[in-house]
Amino acid sequence: MSLQPLTAVNCGSLLQPGCSLLQLDGDIFLFGQKGWPRRSCPTGVFGVRLKHGELKLRPISFSNDSCYLPPLRCPAVTRLEPHDGHPEGYLIHGGRTPNNEISSSLYLLTLDSRGCNRKVTLRCQERELVGEQPGPRYGHTLSMVQSLGKRACVVFGGRSYMPAGERSTENWNSVVDCPPQVFIIDLEFGCCSAHTLPELTDGQSFHLALARDDYVYFLGGHTLSSDSRPPRVFCLRVELLQGSPLLSCEHLDTGLSISSAIATRVGPSHEYIILGGYQSETQKRMECSSVVLDDSGISIEPREAPQWTGEISHSHTWFGGSLGGGSALIGVPSEGRPAPPEAHYFYQVCFQKEGEGEGEDGNQGCSQESTDFEDSAPLEDSEELYFGREPHELEDSSEGEGDTYNEEDEEDETQTGYWVKCCLGCQVDPNTWEPYYSTELLRPAMIYCSKGEGGHWVHAQCMELTEGLLVRLSQGNGKYFCLDHGGLPRQEMTPPRQVLSLKRSPMKPQHRKGPMMPKMTPAKKRFFRRLFE
């Protein structure tokens, strides 16, 4: 067991709460980072390199037949082992999009090819689902079960927005626990079925899900309705019978009071180390636990925790994910005055003993590796997305540093970061933000400006919109243009005041072509005539 500090080389701000770490073909990939670097990595997926105490990210390209994959936050992620000629991969379901929308799509991420210079190309495909599909959600879990020679996915928990019929101006941005239903997804045909069990009475999110054969164990989690983290464990058995699956659930006495924890597998057996997470809204869980799944069930034992550093002990939030092989990555926000140059401190925690578990595959049941304190990370939309990059555009060498992500390549976020600064005169400070509208609870209210390619998001407060006008524009289908792109639509603008134009008489020319003759009376004319005669 060891705790090693890591130095993030020009990539510390990309790892934020809600990101996911994936292990494919011995490599580690980062998915769901802070935004879409337009030049460095248009796909939004990075390869993670840990070498000599340094953390570096390498951009990863997608194949030409890949679909669009948004940088989802807090999705449900599970590992897909090779089966019947199908390669290993990862299933990604749900999550939050950069526009603060909640997704209900299911993606399959696999390894497409590997070049001679270790260049990795991934393939992403969206799976079509039919039947009783799980609705949009985040903070839930996705697990793989095997029974009678078949395999299926189990979706449970999560949060989502309130139904459209129950939303009002007071709870416009409120989220609620999803109904405590269990969804079974047949990957071969894409059929979904929803099941309600009497043992599951409350919804829960940000819990752990560990799978072994046809059993799935749900540990901990947070219930939003009661604002509690009860120490519970549910044992779900899924029998994939011919026709429809048969589900049974059992509530176990022993459990963990924890949410947003990290589970990393140790050794070839189904042994996991649980670390991180929260015991309450303001208290982190500093202890570690060892969880073993075997034929007799589940056993949970306390495990010695590493010697946490001062930054970890005194921080209010922390996040991370599993690196595989009995190790995990932990990040804590950096605090201080003046603000440190790095956004986070990163550490690698290793529980693997020497000579154990080398070459073993990662865990089959992957937990929700995110944190419910995820509202502080800025996001930005991509203005350009393309696949199949040429070799000269992205060269990936084992020792070269030219392909490492460089924050200096990014444009100034004070002008392009939609979630931090929407315009040059933006008045919203994410550190000291207070609700301005009654509809705001978690984030400042924003409205979509349709100007330009793809448009962009602006704060309603900075655009000087009233709350009634904001709700009316959000419900309609008309286009909105911010102050920098034409202001409000014409029908919403106050008629301009009629200003009468001033009559301007033309100026007399200073020089005339002809001689200037003064006006004289007949008497003066006679006087001058006699004078000159």
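**Ground rules**

I number residues from 1 along each chain as its sequence is written. The model is predicted, so local features need pLDDT of at least 70, side-chain atom pairs count only at pLDDT 80 or more, totals for chains, interfaces and linings use all residues, and side-chain values use heavy atoms, with hydrogens and water left out.

**Entry 1: the hairpin**

I started with strand 2, residues 20–24. I take strands as DSSP runs of E with at least two residues, and helices as runs of H or I with at least four, numbered from the N terminus. Is strand 2 mostly covered or mostly open? It is mostly covered, with 5 of its 5 residues buried. Buried means under 20% relative accessible area, exposed means over 50%, and partly exposed lies in between (1.4 Å probe, protein chains only).

I then checked the side-chain directions. Ser20, Leu22 and Leu24 point one way, while Leu21 and Gln23 point the other way. In a regular strand the side chains alternate between the two faces of the sheet.

Next came the partner. Strand 3 covers residues 27–31 and runs antiparallel to strand 2, with 5 bridges joining them. Two strands pair if DSSP finds at least two bridges between them. Leucine 22 has phenylalanine 29 as its bridge partner in strand 3. The two strands form a hairpin with 2 residues between them.

I looked at aspartate 25 in that turn. Its phi is near 55°, a positive value in a residue other than glycine. Aspartate 25 is partly exposed, at 41% relative accessible area. I also found Asp25 linked with Asp27 and Arg114 in a network of salt bridges.

Aspartate 213 also has a positive phi of about 55° without being a glycine. I placed aspartate 213 in the loop between strand 18 and strand 19 (215–219). Aspartate 213 is partly exposed, with a relative accessible area of 41%.

**Entry 2: salt bridges**

How many salt bridges does the structure hold? I have 10. Each is a side-chain nitrogen of Lys or Arg within 4 Å of a carboxyl oxygen of Asp or Glu.

Aspartate 65 pairs with arginine 123, their closest N and O atoms being 3.1 Å apart. Aspartate 65 sits in the loop between strand 6 (61–62) and strand 7 (76–80) and arginine 123 in strand 10 (residues 120–127), so this pair ties together parts 58 residues apart in sequence. Aspartate 65 is partly exposed at 46%, and arginine 123 is partly exposed at 22%.

Glutamate 88 meets arginine 79 at 2.3 Å, N to O. Glutamate 88 counts as buried at 17% relative accessibility, and arginine 79 is buried at 4%.

Arginine 212 bridges to aspartate 295 at 3.0 Å between the closest N and O atoms. Arginine 212 lies in strand 18 (residues 208–212) and aspartate 295 in the loop between strand 24 (288–294) and strand 25 (297–303), so the pair ties together parts 83 residues apart in sequence. Arginine 212 is buried at 18%, whereas aspartate 295 is exposed at 72%.

**Entry 3: a positive patch**

Which residues form the positive surface patch? I listed Lys525, Arg526, Arg529 and Arg530. A patch takes residues with over 30% relative accessible area and no salt bridge, joining like charges within 9 Å and nonpolar side chains (Val, Leu, Ile, Met, Phe, Trp, Tyr) within 5 Å. Arginine 529 lies in helix 4, residues 522–532. Arginine 529 is partly exposed, at 48% relative accessible area.

Technical notes
Areas by Shrake-Rupley, 256 points an atom, 1.4 Å probe, with all protein chains shown as cover. Lys, Arg positive; Asp, Glu negative; His and termini not counted. Charge placed at Lys NZ, Arg CZ, Asp CG, Glu CD.
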